[in-house]
Amino acid sequence: MTLPRYVVRASEQPVVDQSDPDAEDWIAAGGDPRDQGRMIDLISRELTGAENFMLGIAWFAPGDVHLLHHHPHADEWYYVIEGSAMFTVGTEQVRGTTGTALFIPAGTGHRIHNDSTETLHIAWGFNRPDLKEVGIVWDE
């Protein structure tokens, strides 16, 4: 059965290893191979024709660090599906646990450090439909 364009299954999407220097789309969007974690895009202009937002999931193994960075052109949010990690948003640090939602205004530095012994699973999203429109500026 062929799914309509607006239906996406995570299991059918490519996993982006953010530390892979050969992950062409990630690097082209401003990704840095010093970064860690894995992600899957689920809703975007390319996948579903969305014009106002982007949605995905990501996971971080114990010890992984999603480096300090900011997005000059987009607000972002995280929702912790499972696990625990130390999140930095601006000058604040907070322990994010299952059920925690974080809002990150455009231009605000943010970082994730999975300092736990379990894999961290999050949903993430932007108010732009494509990573290239979001902009990524690495602050560490």
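Select Thr48 to begin: with a relative accessibility of 16%, Thr48 counts as buried, where buried means under 20% relative accessible area, exposed over 50% and partly exposed in between (1.4 Å probe, protein chains only). This is a predicted model, in which local features need pLDDT of at least 70, side-chain atom pairs count only at pLDDT 80 or more, and totals for chains, interfaces and linings use all residues. Residues are numbered from 1 along each chain as its sequence is written, and side-chain values use heavy atoms, with hydrogens and water left out.

Thr48 belongs to helix H2 (residues 45-48). A polar atom of the Thr48 side chain lies 3.4 Å from the backbone nitrogen of Ala50.

Next, select Asp64, in the loop between strand E3 (54-60) and strand E4 (65-70). Helices (H or I, at least four residues) and strands (E, at least two) are DSSP runs, numbered from the N terminus. Asp64 is buried yet has no salt bridge, that is, a side-chain nitrogen of Lys or Arg within 4 Å of a carboxyl oxygen of Asp or Glu. The nearest side chain of opposite charge is Arg38, 4.6 Å away.

Now turn to the aromatic rings. Rings of Phe, Tyr and Trp (its six-membered ring) pair if their centres lie within 6.5 Å; planes under 30 degrees apart count as stacked, over 60 as edge-to-face and the rest as tilted. The count by this rule is three aromatic pairs. Select Tyr78 and Phe87: their ring centres are 5.9 Å apart and their planes at 50 degrees, so the pair is tilted. Then select Trp124 and Phe126, with centres 5.7 Å apart and planes at 65 degrees, so this pair is edge-to-face.

How values were computed
Lys and Arg count as positive and Asp and Glu as negative; His and the chain ends are not counted. A polar contact is a pair of N or O atoms within 3.5 Å; within protein, one must be able to donate a hydrogen and the other to accept it, and residues adjacent in sequence count only if both atoms are side-chain atoms.
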